[in-house]
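Student: I would like to learn how to read a structure file like this one. Please take me through it feature by feature.

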Amino acid sequence: MTRRQFLSAVGGASSLVPFGFAQGTEAAGESAADITLRIGEISLDLAPRHKIKTIGYNGQVPGPLLRVTEGRPVTVDVFNETRSNELVHWHGLHIPPEVDGSHEEGTPHVPARGQRRYSFTPTPSGTRWYHSHVGAGHDLDKATYTGQFGMLIVEPPSDPGRYDLEVPLLLHEWDPYWDDRGPRDVAYRVFSVNGKMLGAGEPVRVRAGQQVLFRVVNASATLTHRLALPGHQFHVVALDGNPVPAPRSVPILELGPAERVDAVVAMSSPGVWILGSADDQRRALGMGIVIEYANAAGPPRWTPAPAAAWDYTVFGEQRDPAQPDAKVRLVIKEVPGHRWTINGKSFPKTDPIPVQAHRRYRWIFDNQSADAHPLHLHRHTFELIRVAGKPTSGLRKDVVMVPAWKEVEIDVTADHPGPTLFHCHQQFHMDNGFMAMMLYQDA
Ligand SMILES: [Cu+2]
């Protein structure tokens, strides 16, 4: 089999998932790519009376579910049919800056009305995703406010697959507007899971006794979401796609923008249920999906979600981490004009964070603001060391929520040389200066 047939076959085998697979169809240069993405305007049916216009990949939202194999090179041709430059960021992969999808690192744009090929070797395995990485500023029809997001599953070379059914869930919201407080907070009129409002899409069909793996991506530009499934528990097995040391069951999942959670649910309460936002208003505006057992009927049921706290550290270990080679304190503040600063400066004036290859650095985020921030480091995975006073270890992530007025410590091992972007994944914060470069220096 050729590489392309292999990928197509993998896509065909996963017909349980609701999205098609992007097959290479277009010759760009001498050989066809494994995957083709077309960025263009689409009209999206969120529900019978909720049609919106947005920008998406291959005419669908979410974009096609991409499955690749860890360590096996792939090529992706991206055709940009819009009038603006674009970037596709491969979120959670350890790949070179030229293809990572960050202009700040040096990835070239996919030009307006133009095309660009990305070639890289996907690693590490796990639930990753891809999304637009341009700035939006005050334009709520750009970047992560649009339908430009999709799941990217990097399969390990051999997958134990201890589940019966795999269900991707991508959370997003639509029809954004500036709320009463002016150009500071974005509010939304419509919410969706997998591009459909609650009740408008196909239900997730399950059978009693199944172990169902939900791969959840919060593809929101700005919001944190809490999810519940009444009558069931979520057995969390991975955070940001990386297996956790201590998988355990919790009643609620919470994900900041760009975070992922893999959770296995034992289907042991037959019926028709809503898996949805714990927030009544968001659920009423569409944030949910119906879970339907075989031979069950009736309207989907919801019961109020428990007020459980979300705490990363319950999935971690208690052992002393390796000592870092150096510590870096990063103080986060909002300054007048809704600008964000790291150690007193806004991007592009933020001081670069210098590192040397193969050294381990402890970054201490000191959030001196009233907002929680989803902090993301490109091209690297870091380890959580302390979260709002609680020590932990063994939790590897690429986004961490830093609560308001709290500190979070992470260890970054500098093992992927090249310019590396660090930023808040809240689109409006990022666009207002909350970014810095991590730069490798010669020893
Ligand atoms: Cu932020």
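**Loops, core and domain contacts**

Tutor: Pro-348 sits in the loop between strand E23 (339–342) and strand E24 (353–356). Helices (H or I, at least four residues) and strands (E, at least two) are DSSP runs, numbered from the N terminus. The model is predicted, so local features need pLDDT of at least 70 and side-chain atom pairs count only at pLDDT 80 or more, while totals for chains, interfaces and linings use all residues. Residues are numbered from 1 along each chain as its sequence is written.

Student: Which peptide bond is cis at Pro-348?

Tutor: The bond from Phe-347 to Pro-348 is cis, with omega near 10 degrees. Another cis bond joins Val-61 and Pro-62, with omega about -5 degrees.

Student: What is the phi of His-338, and where does the residue lie?

Tutor: His-338 is not a glycine, yet has a positive phi of about 60 degrees. His-338 lies in the loop between strand E22 (326–335) and E23.

Student: Why does His-338 count as partly exposed?

Tutor: The general idea is a neighbour count: a residue is buried if 20 or more other C-beta atoms lie within 10 Å of its own, exposed if 12 or fewer, and partly exposed in between, with C-beta atoms placed from the backbone. His-338 counts as partly exposed because it has 15 C-beta neighbours inside 10 Å. Arg-113 has 12 such neighbours and so counts as exposed. Arg-113 also has a positive phi, of about 55 degrees.

Student: How should I read the nonpolar core?

Tutor: In soluble globular proteins, nonpolar side chains tend to be buried together. A nonpolar core here is a set of buried Ala, Val, Leu, Ile, Met, Phe, Trp, Tyr and Cys residues joined through C-beta atoms within 7 Å. The largest one has 109 residues, and Ala-263 is among those with the most contacts inside it. Beyond neighbours within four places in sequence, Ala-263 is in contact (C-beta atoms, placed from the backbone, within 7 Å) with residues including Phe-214, Val-236 and Leu-253.

Student: Which residue in E17 is the bridge partner of Val-236?

Tutor: The partner is Arg-248. Strands pair if DSSP finds at least two bridges between them; E16 (residues 234–239) and E17 (residues 242–250) are antiparallel and joined by five.

Student: How many residues of domain 1 are in contact with domain 2?

Tutor: Domain bounds come from an automatic or database domain assignment; domain 1 is 3–155 and domain 2 is 165–310. In domain 1, 25 residues are in contact with 30 residues of domain 2. E9 (126–132) is one of the strands supplying at least two residues to that side of domain 1, and E9 gives the most, with five.

Key: Two residues are in contact if their C-beta atoms, placed from the backbone, lie within 7 Å.
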